[in-house]
Amino acid sequence: MWEGPERPDHRRTEAAPTFFMKREVVRTRNFVHDAAEFILQQARAALAERDQFRIALSGGNTPRPVYSELVRIGRDLPWDHVFFTFGDERCVSPDDEQSNFRMARESLFVLAAVPEKSIARMRGEIDPQLAAQEYQDGLDLLAAQRGELIYRHDLILLGMGDDGHTASLFPGTAAVEEKSRKVMANFVPKFDSWRLTFTFPLVNQARHICFLVNANKNVAVLDKVLAGDEQFPAARVAPANGDLTWILGES
Ligand code: 6PG
């Protein structure tokens, strides 16, 4: 799982110059296609530049049709040069209908014949603390192999809940305030259950972060998040030297 896809000859990454974050909000009635097209463009750019595309998938329901559309329009992508991680996972088995991995397997991995070595699954079926530590160790190993201080995604996909959560960073939960760990087991009282989630130190290292939010979301919360109201975790997503795109579906 952690050997990753075929890697180009080892190249040390230069310290990325600090860029100001570019933020774009795209409102579209063609949400599924436009979101898939956006991801495909990001993939082609990363593959052209680094012969690899490191993407973190978001879970829930919104991305499912986007992933299938991505496979349909991206048939020619060298999927073995794409490395998939997950921004969060429920603490369930990979065959559970709640599993984000299962959703991605059904809507993307099987359809695109993504090789297992290109997928880093969060093991929701084991002890949450162990699973989080194992995942973070895996990302740290890949980062070290590439001469990075911290694993840098080319693209992290995120969703947003009606309470303004993103990944499994729910308002008032411990992982929202984490400043050093990159992957955490996070107890979510509203579900009385554990989740595995990226934290902001990892999320905000990405080259590009894209929220995929369809039209059925709470508009008032979305407006507050877009205005930067940090009571909502989604408003605290701010790539340190990367870009942020919101793709909002409109009915
Ligand atoms: C999860 C997701 C979560 C999701 C939002 C939106 O594991 O549920 O990572 O952050 O993106 O809850 O979910 P929907 O797309 O189902 O509305």
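**Core, strands and spaces**

Of the 78 residues in the largest nonpolar core, the ones that touch the most other members are Leu57, Phe84, Leu108, Phe109, Phe198 and Trp246. A nonpolar core is a set of buried Ala, Val, Leu, Ile, Met, Phe, Trp, Tyr and Cys residues joined through side-chain atoms within 4.5 Å, where buried means under 20% relative accessible area, exposed over 50% and partly exposed in between, with a 1.4 Å probe and protein chains only. This is a predicted model, in which local features need pLDDT of at least 70 and side-chain atom pairs count only at pLDDT 80 or more, while totals for chains, interfaces and linings use all residues. Residues are numbered from 1 along each chain as its sequence is written, and side-chain values use heavy atoms, with hydrogens and water left out.

Q: Which helix gives the largest share of this core?
A: In soluble globular proteins, nonpolar side chains tend to be buried together. Helices (H or I, at least four residues) and strands (E, at least two) are DSSP runs, numbered from the N terminus. The largest share here is nine residues, and they come from helix 1 (residues 31-50).

Q: How many bridges join strand 5 to strand 8?
A: Two strands pair if DSSP finds at least two bridges between them. Strand 2 (residues 53-57) runs parallel to strand 5 and is joined to it by two bridges, with alanine 56 having isoleucine 156 as its bridge partner. Strand 8 also pairs with strand 5 in the parallel sense, leucine 157 standing opposite cysteine 210, and the number of bridges between strand 5 and strand 8 is three.

Q: Is cysteine 210 buried or exposed?
A: Cysteine 210 has its place in strand 8. Leaving aside neighbours within four places in sequence, cysteine 210 is in contact (heavy atoms within 4.5 Å) with Phe38, Leu155, Ile156, Leu157, Leu158, Thr245 and Ile247. Its relative accessible area is 0%, so cysteine 210 is buried.

Q: What is the C-alpha to C-alpha distance between alanine 206 and aspartate 243?
A: Alanine 206 lies in the loop between helix 5 (200-203) and strand 8, and it is buried, with a relative accessible area of 0%. Alanine 206 and aspartate 243 are 37 residues apart in sequence, and their distance in space, C-alpha to C-alpha, is 8.2 Å.

Q: What is the volume of the largest cavity?
A: On a 1 Å grid over the protein atoms alone, a cavity is a set of points where a 1.4 Å probe fits but cannot get out, whereas a pocket is an open set with protein on both sides within 12 Å along at least five of seven lines; lining residues have an atom within 4 Å of a point. Grid points are joined across faces, edges and corners, and a volume is the space filled by probe spheres set on the points. The largest cavity is lined by Ile39, Ala43, Phe53, Ile55, Leu70, Leu77, Trp79, Val82, Phe84 and Leu108. The space in the largest cavity is about 50 Å³.

Q: Which residues lie closest to the centre of the second largest pocket?
A: About 450 Å³ of space lies in the second largest pocket. Of its 28 lining residues, the closest to the centre are Gly59, Gly60, Asn61, Met160 and His165.
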